[in-house]
Amino acid sequence: MIKTKRHIRIRSTGVYLPDRVLTNADLEKMVDTSDEWITTRTGIKERRMASKEQVTSDLAVNAARMALERGGLKAEDIDLILVATNTPDTIFPATACWVQKKLGIKETPAFDLEAGCTGLLYALIVAEGLILSGTARRILLIGVDILTKITNWEDRGTCVLFGDGAGAFILEESDDESGLISHFWGADGSLAELLILPGGGTLYPASEDTVKKKLHYLSMKGNEVFKHAVKRMGEAALEALKQAGIEKEQVDYLIPHQANLRIIDATGERLNLPKEKIVVSIHKYGNMSVATIPVALHELAEEGKLQKGQIIVMVAFGAGFTWASAVYRW
Ligand code: ACO
C-alpha cells in the first residue's frame, strides 16, 4: 500500500492496576448506598485502590515498564515523557519528572498535561504534533490517576464512582497506513465549576478553612455532568469519523471513557453500534479518569481481539469541561 499521509502509531501498550479491590459490598459498609443503586445507575461492580504508600508516579512507572518491555525498548529509547493526570504526586514538579527519575532516564524532556478525564486523548493529539513536526521521535505517554486519594468518602454521590490505575502507550511515527487518522477536541470553561477540585491551588490556597470545608476533595454535580457528557461524547465521536472520511458502519470498536455505563451506551447508540463493538470495563475498574481508555485498549489487544486495519474510535469527556475523540487504524 502506498503511504499517503503521515500518522503516529501506538508501538506498544502497558498497564498497571493496584491489587486492592473495593467492591460495592465494601461501599455498602462505608456509606448509605447499595450494590443495586451503584450497578443500575453506573454499571460499576468493583474498582481498584492504590495503597497508602503508592503515589501516582509509582502506578505510571509500572505501566511504562510494561509498555517498554512489550515494545522491545529500553528507557533510553524514549525522547519525551508525557503524563496525563488529574492527581499528580505534587503540584510541582510534574509527575512526568518523578517518572523520569524512577525510570532512570537522564535529561529527557518531561511534562504533565491536565485535561480532566479527556487528558489521554488531549495528550495523544499533542504527541502527534510533536512527532510529526520532528520535535520528538518516540514518546512515552502515560494516562494515570489515583482518584481514591481525592475522594470525599462521606459523599455517596461521588465515592462509589472512582478507581485507580495507569495505562501507557509508546508512540512513534507509523511506517504504514496504521495509526491515528483523525481527531477532534474542545472545551467549555464556563461550566468548570460543575466538576472541580477547588482547594490547594491559587483560588483556595490550602488552609485550615479549606480543609474544614472539604475543598481538597473532588466535587461534582453528577446529573449536570451526565447530560453534557452524553451530548459531547456522541458529537465528538461523529465529528472525528467525519474528518476521517469513515462511516459509522466501518467502526470495529468504540472505546469510550468509562464514567458511567449509561453514558457509554448512549454514545454507542449515536454511532448505531451493536453491543459487541463497544468496549466496557467500568464494571471491574470504575472511573479511573485518564487511565480508562489506555487500559481498555491494552486489554482489547491482549485478548487478541484486534486485527490489523481495524478501525477504533476513542472518545472522552471530563472536567473543564473538555472533550475529545480520535479515530485510529490498528
Ligand atoms: N447510593 C444511593 N443513592 C444515591 C447515591 C448512592 N451512591 N448517590 C446519589 N444517590 C441518590 C441521590 O441522593 C438522589 O436522591 P434524591 O432523589 O432522594 O435526591 C438520587 O440518588 C439521584 O441522584 P442523581 O445524582 O440525580 O443520580 P444520577 O442518576 O444522576 O446518577 C451519577 C449519579 C452516577 C453520578 C451520574 O450522574 C453520573 O454518572 N454522572 C456523570 C459522571 C461523569 O461523567 N463524570 C465525568 C468524568 S469524572 C472526572 O473528570 C474525574
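In which strand is the place of I81? In this predicted model, where residues are numbered from 1 along each chain as its sequence is written, local features need pLDDT of at least 70, side-chain atom pairs count only at pLDDT 80 or more, and totals for chains, interfaces and linings use all residues. Side-chain values use heavy atoms, with hydrogens and water left out.

I81 is placed in strand β4 (residues 80-84); helices (H or I, at least four residues) and strands (E, at least two) are DSSP runs numbered from the N terminus. The residue is buried, at a relative accessible area of 0%, where buried denotes under 20% relative accessible area, exposed over 50%, and partly exposed the range in between (1.4 Å probe, protein chains only). For I196 and L300, 104 residues apart in sequence, the C-alpha to C-alpha distance is 31 Å. I196 belongs to strand β9 (residues 195-196) and is partly exposed, with a relative accessible area of 24%.

Strand β6 (residues 138-146) contains R138, which is buried at a relative accessible area of 12%. The R138 side chain forms a polar contact of 2.9 Å with the side chain of E172. Such a contact is a pair of N or O atoms within 3.5 Å; within protein, one must be able to donate a hydrogen and the other to accept it, and residues adjacent in sequence count only if both atoms are side-chain atoms. A polar atom of the R138 side chain also lies 3.4 Å from the backbone oxygen of D77.

Oxygen atoms of the ligand lie 2.6 Å from a polar side-chain atom of R41, 3.3 Å from an N or O atom in the side chain of N223 and 3.5 Å from a polar backbone atom of A319. The protein covers 74% of the 1,000 Å² of accessible area that the ligand has on its own, as given by the Shrake-Rupley method with a 1.4 Å probe.

Backbone geometry was also examined. Most residues other than glycine have a negative phi, and most peptide bonds are trans. The peptide bond from F92 to P93 is cis, with omega near 0 degrees, and P93 lies in the loop between β4 and α4 (95-103). Phi is positive, near 70 degrees, at E107, which is exposed at 76% relative accessibility. S289 likewise has a positive phi, near 50 degrees, but is buried at 2% relative accessibility.
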